[in-house]
Amino acid sequence: MNDMTPEGYTTADGRNIGGVVMEMKNITLRFGGVVAIKDISFDIRQGEIRAIIGPNGAGKSSMLNVISGFYNPQEGEVWYKGERRPPMKPYQVAQQGIARTFQNIALFEGMTVLDNVMTGRLREMKAGLFSQAIWKGRAEREEVENRAVVEKVIDFLEIQHIRKTPVGRLPYGLKKRVELARALAAEPSILLLDEPMAGMNVEEKEDMSRFILDVNDEFGTTIALIEHDMGVVMDLSDRVVVMDYGKKIGDGTPDEVRNNQDVIDAYLGVSND
Amino acid sequence: MAQPSQATGGMDSIPALLQRNATQYGDKPAYREKEYGIWQCWTWSEAEKEIEALALGLINLGVNEGDFIAVIGRNRPYFYWSMVAAQSVGAVPVPLYQDAAAEEMAYVMDHCGARFAIVQDQEQVDKLIEVQEGLHQLEHMIYVDPRGLRKYDHHKLHQFSHIQDQGRAAREEFLDDLKERRAKLNYDSICVMLYTSGTTGKPKGVVLSNRNIIEASRSSSDFDHLGAGEEVLAYLPMAWVGDFIFSIGQAYWCAFCVNCPESAETMQTDLREIGPTYYFAPPRVFETQLTNVMIRMEDASRMKKWLFDTFMAHARKVGPAILDGKAVSAWDRIKYKLGNLFVYGPLKDTLGLGRVRVGYTAGEAIGPEIFDFYRSLGINLKQLYGQTEASVFITLQPDGEVRSDTVGVPAPGVEIRIAENGEVFYRSPGTFEYYYKNPESTADTKDSEGWVATGDAGFFDKDNGHLRIIDRAKDVGKMADGRLFAPKYVENKLKFYPNILEAVVFGNEREACTAFINIDLTAVGNWAERNNIGYASYQELAGNPMVLDTIQGHVEEVNRSLADDPMLSHCQVNRFLILHKELDADDGEMTRTRKVRRRIVEEKFKDLITALYDGSNEIYTETEVTYEDGRKGSISATLTIRDAAVADVPDMKVAAE
């Protein structure tokens, strides 16, 4: 279906996907004797929504942690924007324009939504402690600039009404959205979403899907996501990597993956003839 | 304000008023909208430029004089500009309810034959695309928010700002044309067409001329001494005549500033930030606010609660009298001042009503207790009685003569006549021109002398000459024994209780009255939370026996108070049930302005009404519901029916004394 070239391809709904922006080459990750990821290679292209799926314990989150630089694989290479990425600290990865959300929400519960989202801009705030304390000159200017970016995100995700609400008081679905807001505030070029829809009801899932598509469409952000909900994954993503027991058992468009016998056997379990 | 030859000084169209304001009040704020967390502001001269750019863009797009342009969106400056821009090019703006389902929209769009639609976002564009097949006249859509629309086919779809850019680019070319079209506008040209939601039947397109709107705005502004300094918050549906009068008619006549909230959910915060001086809300908004205050006071510390209770009791005693400028003892005044410092002032500020000089409630009767609560705080809340066909104003309450049970004196320029059957008729400069493409209805409603039937039954109070509305004329009926049946009166008494959101009373041609109740999920939910009662849905909470007990208590209290009213003592509610779903406009049970459609409710819940009268204690029922996106489903429930104690009617002799 997709006419894939090194320069990119066009999706069925008419979006132009660019060339490879990130590439995993023969990644193997071990924790002591446990092999979490075994010799996996795949790529992520500019502007696409790339999903990683698999049953529990397949190594999806580990894979995401490799991408985000939280884990350093024992073997294999991560190539980013045409360069091999050396082992890095997570903040260095963030500086390269990669932002993420977490499976278990990791927000500052006592802080307001606005403050939480502002932390996504910390990278951009360089004023010193003293300048911050008296809030003059550079500190003030930086705050205004960064707040403008944050407000755009708040508007985009439609969370104006909870701007000043402490995160701890919010329902789960909204917390997830705030987390997405914080990641977006960093204006990432690659956004990593770890089970963005876990534990949500149907309506919240629909909202979240819409936001993910809009982020991709509006800002051209490349998105890599892990998700359990097959329906959501198949509807959202351009290409899907399927993992099982740390191995890659499928890779392709949702349709290709859906018809892949290995995937059906390992993951879906039932044949849908 | 200058008032030469014509009372309006040659200002005989909204675009003409815009020109005047841009010259006279050029640097004064005309519009504010909170966006990206900041109040963005446009002065009158900036607004005029924006509107001109859009008008030129519309000409560029091929809008002809007499075309209809649908405007669908929430209150944003862009949509107010759209309406005035449409008028400027000689077209007729038709604002529609943005929460209407696609089919509802299709009916109206088809009826007026709109060639253009200016809409808010992808949601509205999708709705129109869905029904586009049947809309042969619809040619172009203009959207404000581009989000998600990038990939759509843009042959007939345009971004608002692009239309403006094209207009600016083609200024030289089309400016003369625009000026010419604008000069042609006069008092008789159509200002706007508004669809009435209608408690029965299909919506009707009410055509209002510049005369209607400007005269109504002028006289009502004079009545309340509105000036250029007013601030209003525009948050009521743009398709509703009230919003058109307040946010366009009066705003342009007085040159005051219209503030648009950031989103529907932030309305309360935005209200506080703006602190409007002129405020308008349907009773429901006041009810909700009061409910929220009461819920929060339940959770307040003892000291605070004591302070609140003490001073509110005092306010109830002397507050309205102080507001009306009546004689109140010095000690009571001092105590009220103290209360203002500790309770009323901060409370008004929290509610966002601290600066309100004139506040109105209309649309439905407001519970006297709710009304008095606000007035006792020192908020000059008044009632008005009006309808779309009258460009809102039929009667208004003058300052100092405000009562909760009347709707005031005829508005300036309005004549009122009460027919023999009690129906209220009026005639005024604001009286609508005609119903679009519906001469029969026009003839039914408006006679050759210009008298319009309101469909409401009422009478003038003998003591003060104020009009008192009893009920919808067609809802007022007779009980089986021939005595008067006025459901609305009883329903309003029930709805005063924060726990009761909506009530529908039956009894026409029957031996006794019965009622459907909708509980208020906020109030009852809060109560449930405090008492550790778990519930998963409205339906489950509504079926809780303890909730039924509480509601029964309310119903019986209402019965006791009805027993004291010699006219309506027989309208006591004998049996009631709590509905398993909230009455909803999406299901057609209410209008978009949230008035109960009695006939439809009667039809739809026929089985429940039968059960109310056949003495059964339980009834199983299934009801079809429509979700927000138009899909249908059904819910089923077994409802408990309760008997409510009926109070003894005091001896008529006693009552007569």
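This note sets out points on strand pairing, helix packing and the chain contact in a predicted model.

1. Parallel strands around β13(B). Strand β12 of chain B, residues 278-281, pairs with strand β13 of chain B, residues 358-361, through 4 bridges in the parallel sense. Within this pairing, B:Tyr279 lies opposite B:Gly359 of β13(B). β13(B) is also joined by 3 bridges to strand β14 of chain B, residues 381-387, and these two run parallel. B:Gly359 has B:Leu381 as its bridge partner in β14(B).

2. Helix α14 of chain B, residues 368-376, forms a β-α-β unit together with β13(B) and β14(B), and the unit is right-handed.

3. The antiparallel sheet. Chain B contains an open sheet of 4 strands in the order β17-β18-β20-β21, with antiparallel pairing. Its edge strands are β17, residues 415-418, and β21, residues 467-472, each of which pairs on one side only. From one strand to the next, the twist averages 50°.

4. The pairing of β20(B) with β21(B). Strand β20 of chain B spans residues 452-460 and is joined to β21(B) by 5 bridges, the two strands running antiparallel.

5. The packing of α2(B) against α3(B). Helix α2 of chain B, residues 44-61, and helix α3 of chain B, residues 77-88, have axes that come within 8 Å and cross at roughly 55°. The two helices are therefore oblique to each other. The crossing of α2(B) past α3(B) is right-handed. On the α2(B) side, the contact is made by B:Ala47, B:Glu50, B:Ile51, B:Leu54, B:Ala55 and B:Leu58. On the α3(B) side, B:Trp81, B:Ser82, B:Val84, B:Ala85 and B:Ser88 take part. By class, this helix contact comprises 8 nonpolar, 2 polar and 1 charged residues.

6. The contact between the chains. In the model, 11 residues of chain B are in contact with 12 residues of chain A. The side of chain B that touches chain A has 6 charged, 4 polar and 1 nonpolar residues. For reference, the corresponding classes in the contact of α2(B) with α3(B) are 1 charged, 2 polar and 8 nonpolar residues.

Key. Residues numbered from 1 in each chain as written. Chains lettered and ligands numbered in written order. Predicted model: local features only at pLDDT ≥ 70, side-chain atom pairs only at ≥ 80, totals over all residues. Pairing = 2+ DSSP bridges. Axes fitted to C-alpha atoms, helices over the stretch in contact; angles between N-to-C directions. Contact = placed C-beta atoms within 7 Å. Nonpolar A, V, L, I, M, F, W, Y, C, P; charged D, E, K, R; others polar. Parallel < 35°, antiparallel > 145°, perpendicular 65-115°, else oblique. Left-handed = near helix turned anticlockwise from the far one by under 90°. Right-handed = clockwise from strand over helix to strand, strands pointing away.
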